[in-house]
Amino acid sequence: MNAECQGPLPGLERTFFPEACHEETGRANKGVQFTERTPFNYADLTDYREGQITSLALIRSKGVNMTILAFDSEQLLPTHQTPGPALIQILDGTAYFTVGNEEVILPQGKSLLIPAGVPHSVIARERFKMLVTSILPLD
């Protein structure tokens with residue numbers, strides 16, 4: 001990831017998520033301001049892009065990552081595992097997960113906890129956005 005995304009951005013030191021950046025470009029996301037004590041909607045923070053999965057890293061720290069992902073329809077995140085648990089929150093649309101051997105349909109407003117080490121994948125049969133909070137081992 002570009003060095004621009006590794007620390008607080010100039011002028012954003014007093015924002016809620018100072019290290020926000022777009023992962024697909026590696027550039028700092030200077031257009032999004034997260035002012036303390038000001039309500040915002042996670043779903044408004046990143047846009048859909050045709051034929052792509054876009055991401056916005058909100059927090060990258062030693063023990064936790066928070067990332068918003070926006071999937072255009074027919075996009076697939078292949079089967080993978082995470083070293084710690086992942087909490088999925090659907091912000092817009094409906095997501096179709098496979099967790100282990102089970103299909104899980106998550107509409108907007110629903111959440112899912114995926115345990116560490118469990119293989120999972122997700123497909124966008126329609127556009128959707130999700131917030132992923134990953135808990136990372138500290139070892």
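User: What makes Arg-125 count as lying over the face of Tyr-96?

Analyst: Keep in mind that this is a predicted model. In it, Arg-125 lies 4.2 Å from the ring centre of Tyr-96. The cut-off for a charge over a ring is within 6 Å of the ring centre and within 35 degrees of the ring normal, so Arg-125 qualifies as sitting over the face of Tyr-96.

User: And what puts Lys-129 over the face of Tyr-48?

Analyst: Here the distance from the ring centre of Tyr-48 is 4.9 Å. That is within 6 Å, so Lys-129 meets the distance part of the rule, and Lys-129 does lie over the face of the ring.

User: How many aromatic pairs are there?

Analyst: The structure holds two. One of them joins Phe-40 and Tyr-42.

User: Why is the pair of Phe-40 and Tyr-42 called edge-to-face?

Analyst: Their centres are 5.3 Å apart, with 90 degrees between the planes.

User: Why are Phe-40 and Tyr-42 described as partly exposed?

Analyst: Phe-40 has a relative accessible area of 36%, and Tyr-42 has 24%. Buried needs under 20% and exposed needs over 50%, so both residues land in between.

User: Why is the pair of Phe-71 and Phe-128 called stacked?

Analyst: Their ring centres are 4.5 Å apart and the planes sit at 15 degrees. Since stacked asks for planes under 30 degrees apart, this pair gets that label.

User: Which parts of the chain does the pair of Phe-71 and Phe-128 tie together?

Analyst: Phe-71 is in strand E3 (residues 64–71) and Phe-128 is in strand E9 (residues 128–135), so the pair links parts 57 residues apart in sequence.

User: Are Phe-71 and Phe-128 buried or exposed?

Analyst: Both Phe-71 and Phe-128 are buried. Across the protein, 44% of the 139 residues count as buried.

User: How do you know that strands E5 and E6 pair?

Analyst: Strand E5 (residues 86–99) and strand E6 (residues 102–107) share six bridges, in the antiparallel sense. Pairing takes at least two bridges, so E5 and E6 pass. As one example, Val-99 has Glu-102 in E6 as its bridge partner.

User: What lies between E5 and E6 in their hairpin?

Analyst: Two residues separate the strands, and Gly-100 in the turn has a positive phi of about 65 degrees.

Methods. Residues numbered from 1 in each chain as written. Predicted model: local features only at pLDDT ≥ 70, side-chain atom pairs only at ≥ 80, totals over all residues. Heavy atoms only, no water. Buried < 20%, exposed > 50% of the residue type's maximum accessible area, 1.4 Å probe, protein only. Phe/Tyr/Trp six-rings, centres within 6.5 Å; stacked < 30°, edge-to-face > 60°. Helix = DSSP H or I, 4+ residues; strand = E, 2+ residues; numbered from the N terminus.
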